[in-house]
Amino acid sequence: MNQEHRLQQRKVRFDFTDTPLHWVPNEPEASHIMNSLHLILPAGEFWFCRVYNKALPLVTDPQLREDVQGFVKQEAQHARAHDSALTPYLLRHGIDPTPFTRRVHWLFDQALCDFPLGDNAISRALQPWWLRQRVGLIAAVEHFTCVLGDWIITTRGLDNADPVMLDLLRWHGAEEVEHRSVAHDLHVHIGGSLLMRWLFMLIATPALIFLFSTAMKTMMRQDPVTRYRPGFLRLWYHLGKRDLMPRMGHVGRSVLRYFNPGYHPRSEGDIGVALNYLASSPAAQRAAAEKGPVSA
Ligand SMILES: [Fe+2]
Ligand SMILES: [Fe+2]
């Protein structure tokens with residue numbers, strides 16, 4: 001359980017008025033790949049919240065219950081923050097995200113909803129099982145968000161990037177490290193097994209690569225500068241070598257750690273570095289000054 005820290009929602013806001021499309025200077029590919037987060041996360045993280053609100057009545061441990069409630073508030077704010085980049089940032093720069101976001105909303109709002117096969121007796125009987133599967137999938141995805149979050153707050157390769165966009169990604173990454181244990185603990189608490197953990201990592205890895213690759217292509221096709229660039233994996237490999245993305249080997253080794261029977265997310269990332277960033281994040285500081293820290 002998360003004894004070390006009480007999760008709080010920071011009501012951050014970002015003003016993208018001066019943020020260029022290629023917010024990593026002279027690196028349009030890196031900018032588009034990281035902009036994929038704005039296309040995937042609003043639908044994905046609100047889905048996390050719906051699944052967790054459904055799981056909350058099953059949580060009998062008071063500490064975990066508080067953690068799950070804090071997790072939901074943080075993820076909802078992440079979804080809102082990334083969604084706020086769609087119109088004043090991407091659309092302003094002539095990038096229409098809807099060819100992708102239409103499909104991603106279908107995935108999270110319909111294919112992965114409570115009753116994807118309709119509200120009938122079989123679906124109702126399968127609800128506890130279906131909830132456990134979705135919580136297990138979220139736990140696997142949260143492993144990636146912690147690893148990527150730790151990278152974005154510690155890398156120096158993006159220090160000359162647009163400060164507003166970088167603060168959005170670093171604030172989000174730091175909160176991912178902050179609540180790194182909640183998804184795993186919830187999965188175990190409601191009966192998730194080691195085998196399920198392995199299975200969901202095997203599903204989450206290619207699914208995330210597909211989502212990032214497709215979102216990236218949606219934007220690159222609309223940007224004359226990047227219309228004919230190579231595929232996602234090749235770009236990732238080369239950008240990783242220049243510290244503009246986490247290295248493939250770094251992420252690959254983190255996937256292998258997830259298969260260790262003794263795995264627990266508390267050994268992923270550095271909570272001290274994350275909390276230090278949250279204390280110095282311009283957006284988090286503004287949110288604290290405006291309303292004061294809001295307890296989860
Ligand atoms: Fe998040
Ligand atoms: Fe998260």
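Biologist: Which residues do ring pairs link into a cluster?

Modeller: Ring pairs join Trp47, Phe48, Tyr52, Phe71 and Phe108 into a cluster. This is a predicted model, in which local features need pLDDT of at least 70, side-chain atom pairs count only at pLDDT 80 or more, and totals for chains, interfaces and linings use all residues; side-chain values use heavy atoms, with hydrogens and water left out. Residues are numbered from 1 along each chain as its sequence is written, while chains are lettered from A and ligands numbered from 1 in the order in which they are written.

Biologist: What makes two rings a pair?

Modeller: Rings of Phe, Tyr and Trp (its six-membered ring) pair if their centres lie within 6.5 Å; planes under 30 degrees apart are called stacked, over 60 edge-to-face, and the rest tilted. The structure has twelve aromatic pairs.

Biologist: Why is the pair of Phe212 and Phe232 called stacked?

Modeller: The centres of the Phe212 and Phe232 rings are 6.3 Å apart and the planes stand at 20°, so the pair is stacked. Phe212 belongs to helix H9 (residues 194-220) and Phe232 to helix H10 (residues 232-241), so the pair links distant parts of the chain, 20 residues apart. Helices here are DSSP runs of H or I with at least four residues, strands are E runs of at least two, and both are numbered from the N terminus.

Biologist: Are Phe212 and Phe232 buried or exposed?

Modeller: Both Phe212 and Phe232 are buried.

Biologist: Why is the pair of Phe232 and Trp236 called tilted?

Modeller: The ring centres of Phe232 and Trp236 are 5.8 Å apart with planes at 35°, so this pair is tilted. Phe232 and Trp236 both sit in helix H10, four residues apart, which is about one turn of the helix.

Biologist: How do you know that Phe232 counts as buried?

Modeller: Buried means under 20% relative accessible area, exposed over 50%, and partly exposed in between (1.4 Å probe, protein chains only). Phe232 has 6% relative accessibility and therefore counts as buried. Trp236 has a relative accessible area of 11%, so Trp236 is buried as well.

Biologist: What coordinates the iron ion (ligand 1)?

Modeller: Glu45 (OE), Glu75 (OE), His78 (ND1), His172 (NE2) and Glu176 (OE) coordinate the iron ion (ligand 1), at 1.9 to 2.3 Å. Donors are N, O and S atoms within 2.8 Å of the metal (3.2 Å for Na, K and Ca); water is not among the atoms, so sites may look incomplete. Along the chain, the donors of the iron ion (ligand 1) follow the spacing E-x29-E-x2-H-x93-H-x3-E. With His78 in helix H2 and His172 in helix H7, the pair ties together parts 94 residues apart in sequence. His78 and His172 are both buried.

Biologist: Which are the protein donors of the iron ion (ligand 2)?

Modeller: The iron ion (ligand 2) has Glu75 (OE), Glu142 (OE), Glu142 (OE), Glu176 (OE), Glu176 (OE) and His179 (NE2) as protein donors, at 1.9 to 2.7 Å.

Biologist: What bridges the iron ion (ligand 2) and the iron ion (ligand 1)?

Modeller: Glu75 bridges the two ions, which lie 3.7 Å apart. Glu75 in helix H2 (residues 62-83) and Glu176 in helix H7 (residues 163-178) link distant parts of the chain, 101 residues apart. At 0% relative accessible area Glu75 is buried, and Glu176 is buried at 2%.

Biologist: Why is Val188 counted as partly exposed?

Modeller: Val188 has 46% relative accessibility, so Val188 counts as partly exposed. Val188 is in helix H8 (residues 182-189). His187 also has its place in helix H8, but with a relative accessible area of 2% His187 is buried.

Biologist: How does the radius of gyration of the protein chain stand against a compact globule?

Modeller: The radius is taken over C-alpha atoms, and the globule rule is 2.2 Å times the number of residues to the power 0.38. For 296 residues a compact globule would be near 19 Å, and the protein chain has 19 Å, which agrees. The protein chain has 13 helices and two strands, and buried residues make up 53% of its 296 residues.
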